[in-house]
Structures are given as structure tokens and as C-alpha cells.
Amino acid sequence: MTTPVALSVLDLRGEELDAASVAARLPRAEMKVEDALERVRPVLDDVRQRGAAALRAAAERFDGVRPLHLRVPAHELERAARELDPQVRAALEVAIANARKAHAVQVPPATSTEVVPGGFVHQRWVPVRRVGLYAPGGLAVYPSSVVMNAVAAQAAGVPQVALASPPQKEFGGLPHPTILAAAHLTGVTEVYAAGGAQAIAMFAYGARPETAEDAAACTGEWLCAPVDVVTGPGNAYVAAAKRAVRSECGIDAEAGTTEIAVIADATANPAYVAADLISQAEHDPAAASVLITDSPELADAVQREIAAQAALTKHTERVATALTGPQSGIVLVDSIDAAVLVANAYAAEHLEIQVDDAAAVAERIYNAGAIFVGSYSPVPLGDYMAGSNHVLPTGGTARYDAGLSAMAYLKPMQVVEYSRQALASLTPALSALAVAEDLPAHAHAAQVRGQ
């Protein structure tokens, strides 16, 4: 690199801070979902109307290849797993095992509450019947996203799990072999060579066959039957497509370009902080990396480390673009209390806390996709091996949204079971409220059972 990488600095020291005004001033990646919506609508409509024919046309247009097999044959999944590098296979198996442990405990137990003698409300958690999982394939290949989506859905008990990933020209129109291998290792057998908005449309609306190959892969009338929920990360076009199909099926979130925030004080190791900021910057030129610190000395040291480390990393130009963009920067504050306020206002996808007594500071965070506590819990650990899920809310949506979990595929269902005596004990109160709302037939429905 000819020019050292340096993050911009926002100095909030000496200011009286409040969350709303701070949030408006913080570095933030732009996620132009509204703009992308207009571009994806014709794609969505085409898939809805023409099914597999539209999927192939979109693949030719956007991916440069026309897949022969939209549904990946089982032998290709098996071959990909068989030919996978043994070290990568072993790593995926560890990631899958760890994720299964962490996600297994996310399903709440069924409960029964006796509201009055003989009157029960049972709470059940019911998995949706069919889900569509999306694994992106752009600047990088993400078998880890297959693991995160598939394991969460399986932990919830979803009976039908389908996966889509973009077709790759260099692999004959199939998704990347590592994606196929990850699907096989997680036990996902229904895999499609479809990417971007067209994959989301396929899941939401379903796709009927076009060719003899499609017909041979069909279940009933569908090449790919519609799903109940679509999950998985992607670019702005995937996010826009998910927004557009929300009336057809559930979605997890409109996850956009990755972001990391690090709260660090003078005790933090600047080499660690710099490495972690760079690790997320290498995802995408629009990735956001933000340091929040009360130590100008640490900020300067991190700037030096970033300049040195960014020059040596593989994706130097991508990292430099991300770190010098308006979405990245260093925020100087007066204290760790102020850093906590800023972090909660930012609501980062990934929040690292590298300060003295990091666990106590973590307890004060209420807006973050996932929190990484201490110097030895870097975000890449969560990306791959920690057992947590790396599909997380971005763009400040962690204020109201959560990371992917088994809960994304579960519906809370209340089951009401009352005896005659239990109903009779509440009929006077029920009748009073029904009459107050001018719904006397409601009252009669209870009263008639006591006659």
C-alpha cells in the first residue's frame, strides 16, 4: 500500500451526551434497501410467475451461468463432502458440534399454568413446518453460514429444511463445493443453485419445474415448495427481497453489511483491537469497524497497528476501503460510562469489550447483536467456533431485533383447557366485560354452558 490506513476520529469528549443525538453522529454503513427494492421487484415477480425458468434467467444474468440442475443432486452433496479438505472438514465438524450444544438449550420447555382451579393455559413452542436458508456467495464463500442457519432450524425441530446458494460458473452452475459439503455435514439434503433476490423469491412463492431435470427433482407439483420462514445473511438486494416477501412468509431480519464496535480502555492490547477491526473490514468494502475508547493513547496505538497490519493482510485494498470509509472510525469519550452510552446508541452487530472488568461492562449493554467479552473472545470466534450464531442484526436494528436462534423457527402457541366448574367461576366477570363491549353473544357463549 502506498498510503497508510487511518480511521477518522469523532471526539465526543467534554460533551453532554444523550443516546438520540449520539446515534445520529456515529459512523454507520449505509444500507440502501429502499433503492434496492425497486431493482428486485421485477426479479421477484418473474420468479413468482415463471418459476424455474425465471431462476435460470436470473442466474445467467447475475451469476454468469445457466444451471442445468437447480436442485443439487444428492451425489453432488456427497462428493463435495468426500473431496473436502480434511482440515476444513474437521473444522466444520467442530463448528457444527459446538453450535448444536449452544442452540439445543434455546428451545423453551412447554409449560402449564393453572389460572383458576380446573382452568389451564398450556404454553407450547411449535416449529414451523418448512424453512428456506440462504448462504451467500459473493466476495467470499460462507460454509459457516450454512452451519448457523441449519443448526438453529434443526434445534427448533423444523421437519423440512431447504438451502439456497448462488450458482458458480467455475463449478458448472452448482454452488461452491464447500457450501455443498457443509450442507451434507449438517444433514441438509434439499439444496438449490439459486442466489440473490431470486432465491428469496423461490422460497417465498415456490418454483415450478421447467426442464426434465427439474421434473425429476420435484416433490409433487413443485421443484421448490414455498416455505414458512426465510433466514440467512446477504447483501442489500437479499435484504430488500426479504422485506418485499414478508407478507408471504416470515423472515429473520434484514441483515446487511457486517459491522464491529470495540469498547476498549488503556488496558487493551492495541494489536488485538486492530486485528479485530481488520477482521470484519475484510468482509466487504462497506463493512463498518468502530473503536470506542476513553484513551487517546490507545487510539493512537491502534491507528499504528492498523496501518502495519492492514498492509500485510491478503485483502489489503478491501480492508483499506472499509476502514477509511464514513462507516468506520474511532470515537473518543471521557469515560467507560460514556463508552457504554455510545455503544448502546450504536447497537452494533458485534460488540467487543476489551476493558478492565469487561464482564461487568457487558452487563450494562442492552443493544448489541452479540457481545464478546474480554481480550480472548474475538468476533471471528463467534463467526466460526464459539457455538453462538453469527447471523446478527445490523445497521442499528439490534435495538429491537435479535440474532438468529432456534426461536426464529418457533411459534409460541397457547392451549386453553377449562373444566365446567372453572368456566362457571369466571362467567360473571366474562359476561360483565362482554356486555361492556356490547358483545352480548360472547356472554351467552359462556352462560349457555352453565344452564
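Strand S4, residues 130-134, and strand S5, residues 160-165, run parallel, joined by five bridges. Keep in mind that this is a predicted model.

Now to another neighbour of S4. Strand S7, residues 229-231, pairs with S4 over three bridges. The sense here is parallel. Look for glycine 132, whose bridge partner in S7 is valine 230.

So much for pairing. Is S4 mostly covered or mostly open? Mostly covered: five of its five residues are buried. Which residues point which way? Arg130, Gly132 and Tyr134 point one way from S4. Val131 and Leu133 point the other way. Both groups are buried. Note that Arg130 is in that buried set.

Next, two helices. H11 covers residues 270-281, and H12 covers residues 296-312. How do they pack? Their axes are 8 Å apart, at an angle of about 55°. That angle makes H11 oblique to H12. The crossing of H11 past H12 is right-handed.

Who touches whom? On the H11 side, we have Pro270, Ala271, Val273, Ala274, Ala275, Leu277 and Ile278. On the H12 side, they meet Leu298, Ala301, Val302, Glu305, Ile306, Gln309 and Ala310. Sort the contact of H11 with H12 by class, and you get 12 nonpolar residues, one polar and one charged.

To recap: S4 is bridged to S5 and to S7, and its five residues are buried. H11 and H12 pack at about 55°, in a right-handed crossing.

Definitions and conventions
Residues are numbered from 1 along each chain as its sequence is written. This is a predicted model: local features need pLDDT of at least 70, side-chain atom pairs count only at pLDDT 80 or more; totals for chains, interfaces and linings use all residues. Side-chain values use heavy atoms; hydrogens and water are left out. Axes are lines fitted to C-alpha atoms, for helices over the stretch in contact, and angles run from 0 to 180 degrees between N-to-C directions. Helices (H or I, at least four residues) and strands (E, at least two) are DSSP runs, numbered from the N terminus. Angles under 35 degrees count as roughly parallel, over 145 as roughly antiparallel, 65 to 115 as roughly perpendicular and the rest as oblique. A crossing is left-handed if the near helix is turned anticlockwise from the far one by less than a right angle, and right-handed if clockwise. Contact means heavy atoms within 4.5 Å. Ala, Val, Leu, Ile, Met, Phe, Trp, Tyr, Cys and Pro count as nonpolar, Asp, Glu, Lys and Arg as charged, and the others, Gly among them, as polar. Buried means under 20% relative accessible area, exposed over 50%, partly exposed in between (1.4 Å probe, protein chains only). Two strands pair if DSSP finds at least two bridges between them.
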